[in-house]
Each structure stands twice: as C-alpha cells, then as structure tokens.
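Thanks for making time this morning.

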Amino acid sequence: MNENKWLSLLGLAARARKIVSGEELVIKEIRKRQVQLVIVSTDASEGTTKKVNDKCNFYNTPIRVTGTRDVLGQAIGKRERVVLGVIDQGFANKLISLIDQ
C-alpha cells in the first residue's frame, strides 16, 4: 500500500515539474545543490548506483534505492527511469517518510 502512496506523490511532483530524471542531469543538479532527494531504481547498474551514491554522499543529499526502472518511469509518466532527483524540499521530505515506512 505504501508503495502506491509514494509513487502517486512522485507523479504529483513530476506534474509540478519538481523532478529531474536521468543520471547525468540529476548529478548536474546535485552539484548545483538543487536536488533534495535522489531515487535510484533497484535494477540500476552497480556503476550507476555507486556513482550517484558517491555524489550524494559528497553533497550530503539523501538517497533512496527503491522501485524498478519501469515503476519509476510509469510513476512520472515517462519511459524507464533509473535515476530521479526531487528538487522540492516539501516533496522530498514527504517521499522520504513514505519510502522509509
């Protein structure tokens, strides 16, 4: 049940244009300290996961690994997505609390 909650919230954030997607774009936004939360799919490659994780640790950005690339893509109404960045603090806080339940 909780998965549906955070996924619909993710969709809402996407419609509000508070999501950046794709590894390169997310990392660029992390560097600019725009991203409040990074979501990596469970089926991301080890290299991608490590690269994004290291970047998040360096810039002190929360990261969660959850959902498959299909699930993440569907949630934001796009094709498969491996890395998503949430650029709104409110959405980020709520998503973290829902994912961590």
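Thr48 counts as buried, because its relative accessibility is 13%, where buried means under 20% relative accessible area, exposed over 50% and partly exposed in between, computed with a 1.4 Å probe on protein chains only. Before I go on, please keep in mind that this is a predicted model, in which local features need pLDDT of at least 70 and side-chain atom pairs count only at pLDDT 80 or more, whereas totals for chains, interfaces and linings use all residues. Residues are numbered from 1 along each chain as its sequence is written, and side-chain values use heavy atoms, with hydrogens and water left out.

Thr48 sits in helix α3, which covers residues 46-59; helices here are DSSP runs of H or I with at least four residues, strands are runs of E with at least two, and both are numbered from the N terminus. The side chain of Thr48 makes a polar contact of 2.9 Å with the side chain of Ser45, a polar contact being a pair of N or O atoms within 3.5 Å, of which, within protein, one must be able to donate a hydrogen and the other to accept it, and residues adjacent in sequence count only if both atoms are side-chain atoms. If we set aside neighbours within four places in sequence, Thr48 is in contact with Glu23, Val82 and Val83, contact meaning heavy atoms within 4.5 Å.

Glu23 brings us to the packing of the two helices. Thr48 in α3 is among the residues that meet a group in α2 made up of Glu23, Glu24, Ile27, Ile30 and Arg31. The axes of α2 and α3 come within 10 Å and cross at roughly 10°; axes are lines fitted to C-alpha atoms, for helices over the stretch in contact, and angles run from 0 to 180 degrees between N-to-C directions. The two helices are therefore roughly parallel to each other, given that angles under 35 degrees count as roughly parallel, over 145 as roughly antiparallel, 65 to 115 as roughly perpendicular and the rest as oblique.

What do these helices lie across? Helix α2, residues 23-31, lies across β1, β2 and β4 and runs at about 130° to β1, while α3 lies across β2, β3 and β4 and runs at about 170° to β2.

Turning to the sheet itself, four strands form an open, mixed sheet in the order β1-β4-β2-β3, two strands being paired if DSSP finds at least two bridges between them. At the edges are β1 (19-21) and β3 (63-65), each of which pairs on one side only, and the twist from one strand to the next averages 20°.

Strand β2, residues 37-40, pairs with β3 in the parallel sense over three bridges, with Val38 partnered by Ile63 and Ile39 by Arg64. Towards β4, β2 runs antiparallel and is joined by four bridges, with Leu37 opposite Val86 and Val38 opposite Gly85. Gly85 also stands opposite Val20, in the antiparallel pairing of β1 with β4, which has three bridges.

Both faces of β2 are covered, with Leu37 and Ile39 buried on one side and Val38 and Val40 buried on the other. In β4, Val83 and Gly85 point one way and Leu84 and Val86 the other, and all are buried.

Ser41 counts as buried because its relative accessible area is 1%, and its side chain makes a polar contact of 2.8 Å with the side chain of Asp43. Not counting residues up to four places away in sequence, Ser41 touches several others, including Val65, Gly67, Leu72 and Val82.

Most residues other than glycine have a negative phi.
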